[in-house]
Amino acid sequence: MFDYLTYVREGNFPHIWCSGCGHGIVLKSFIRAIDKLGIHRDEAVMVSGIGCSSRTAGYVDINTLHTTHGRAIAFATGVKFANPKLHVIVVTGDGDATAIGGNHYIHAARRNIDLTVLIYNNYIYGMTGGQVSPTTPRGARASTSPFGNIEPPFNISGLASAAGASFVARGDVYHAQKLEKLITQAIQKKGFSVVEVLSPCPTAYGRRNRMASPVTLMEWLRDNCIPVKKYEKMSEEERSGKIRTGVLIDIEKPEFTEEYRKLVDSMQVRG
Amino acid sequence: MKADPQNVLTGAHYLDGNYAIAEGAIAAGCKFFAGYPITPSTEIAERVSRRFPLIGGIFVQMEDELASMAAILGASWGGKKSMSCTSGPGFSLMMENFGLGIMLETPCVLVNVQRGGPSTGLPTLPGQADMMQARWGSHGDYEVIALAPDSPQEGFELTIHAFNLSEKYRMPVLLMTDECVGHMTEKVIIPPPEEIELIERRYTDKKPGEAWPYQENELISPMLPVGEGYKFHITGLTHDYRGYPVINAEAQAENVDRLMAKVKENVDDLTWLEEKDVEDAEVVVVSYGISSRVVQPAIAKAREEGIKVGQIKMVTVWPFPEKRIRELAGKVKALIMVEMNYGQVYLEMDRCAAGRCETYICGHAGGTVHDPGSVYSTIKDAVK
């Protein structure tokens, strides 16, 4: 059996996540991914923001920086530039990355800086008790949308793709092995890479939206997350309510720290 | 340690304050700059963007000041000396991650080229009205270090000093200049590298597994390098010496006490005052930055008239030179604070005077330096 314990800070457990939360599955998928890639734990840096997802940083035994709400990507930009050889992984949530941190998210994608961003999308602000987030589906209830959400949600992956990310994938915590593969590919990619992970929240989201049982949420993921290839073959009607998962964008473009290094090198020659 | 010769433009230059600050940062070994354009500080970023690629430094224009401050903290933890510069509106945005820098105990330098406020205020004209924001602008209890240059020459020198203090005390240091100094062009002497003393980052000498981001019972802990086996955790949450969050009153007291103690217990080391004719003075004019130059003709005129006026220039504004002000309050008739605001640092001076002498504020809303005549009038009022 895979030995997760060598990758975690046992002293910091039990974790803060509620029972039925999918975040632990993302943590384990991430651990398997870096193990598979043979990344030495010291070569990886995890930068996180604020929220349930961002607490991941406290549990994984690598270099971990737990920063301010929404700013993890900006903080990580400094870490990556100061130390381009490190694998810098940002762990964030839907509110952290696309509301308060939305500007940093799209600009890092535009620059195509070599960061791997894992966005735990649970459709809600979980840690503060279930407020409506930029990804809460229309009609869904939250503590601050008690009559149903009237705002349309963001498409997190679409946002990164449009802004210029070189790798964008969507996975979910039901399909954990697939998730591990997506995280592996994202880390390997030289450039701004995003994995949006659907990791619904039974406590703050499910209970308000007739999916209180974690099993119901898992079944919902099982039934509605459709691999890209299958999704493409489906009719418009069949696609309704379904979520496309897998690698959505994988392109080659110049990477920011690399481009800066070239600039520095050219200046030295001209000297 | 001495400055690296490749970073130092030794010689006599004709530079404005902003360029001089950029050269000071480069001489101090700053290798990462993140910023966002804002008048009247932008020339610092422009100079750095041109100079950094030549010396292997990294310049990034971020999407806003929130990101700029976050990025310089990240780069500092990545091992680079880092800085940013801004002015009022950007300074407000930076307060969020300035607090993170204080909490994580991260060396870096933040320059505020002050303009008139509040809000967008006077982008192209000077002010000194961010001094209390510098002291208290981020939430929570903490101490800060803030320096105020009075000229391009001091802009160069104090930037180096700011980097040194940030490494020594392992915290962000503020350089509180203003539009006037920023855009004033004067002779700046950049000394040879061997005459520039630098304090370099202190890293732990303990082995991985034995070292924590904050050593137990140490006021200022050496830092841990990233990527060399330490695998440490740091957080903006209240934390213990290991860097892990602990959410209770005891941990809070220990954490915040340390942040405050490292400045409070070193006020004497941090205090930098320049005094003139204070020994026999019955009135002392206290000021900082550009205002400490503007007061000089007024003081000279009053002295010609036989009024015993002394001057104190505060090079370090925060921590406030409490001890010296208390001492003087027992000796002089009056203390006058001259600053381009309606009395911010004055409040501290008045508190320290504690009713033992008269205190006066000679201030205005900003937009121009003081008319020396207003300073002279205040001196006359004080000796009446």
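**Strands, helices and a buried histidine**

Reader: Which residue of β16(B) is the bridge partner of B:Met337?
Author: This is a predicted model, in which local features need pLDDT of at least 70 and side-chain atom pairs count only at pLDDT 80 or more, while totals for chains, interfaces and linings use all residues. Residues are numbered from 1 along each chain as its sequence is written, chains are lettered from A and ligands numbered from 1 in the order in which they are written, and side-chain values use heavy atoms, with hydrogens and water left out. Strand β15 of chain B, residues 334-339, runs parallel to β16(B) and is joined to it by six bridges (strands are DSSP runs of E of at least two residues, helices of H or I of at least four, numbered from the N terminus). In β16(B), B:Met337 has as its bridge partner B:Ile361.

Reader: Which strands stand at the edges of the sheet in chain B?
Author: The open sheet has five strands with mixed pairing, in the order β11-β13-β12-β15-β16, where two strands pair if DSSP finds at least two bridges between them. One side of each edge strand is left without a neighbour in the sheet because each has a single partner strand, and these two are β11 (273-276) and β16 (358-363) of chain B.

Reader: Where does α4(B) bend?
Author: Helix α4 of chain B covers residues 88-104 and reaches 24 Å from its first C-alpha to its last, close to the 24 Å expected (1.5 Å times one less than the number of residues). Because 13 of its 17 residues are buried, α4(B) is largely enclosed by the rest of the structure. The bend, taken between axes fitted to the seven residues ending at a residue and the seven starting there, is about 45 degrees and falls at B:Met95.

Reader: Is A:His23 buried or exposed?
Author: A:His23 is found in helix α1 of chain A, residues 23-37. Leaving out residues up to four places away in sequence, A:His23 touches A:Trp17, A:Cys52, A:Ser53, A:Tyr120, A:Asn122 and A:Ser199 (contact means heavy atoms within 4.5 Å). Buried means under 20% relative accessible area, exposed over 50% and partly exposed in between, with a 1.4 Å probe and protein chains only. With a relative accessible area of 1%, A:His23 is buried.

Reader: At what angle do α3(A) and α3(B) pack?
Author: The contact includes A:Phe75 and A:Gly78 of α3(A) and B:Gly74 and B:Trp77 of α3(B). Axes are lines fitted to C-alpha atoms, for helices over the stretch in contact, and angles run from 0 to 180 degrees between N-to-C directions. The axes of α3(A), residues 72-82, and α3(B), residues 65-77, are 6 Å apart, and the helices pack at an angle of about 40 degrees.
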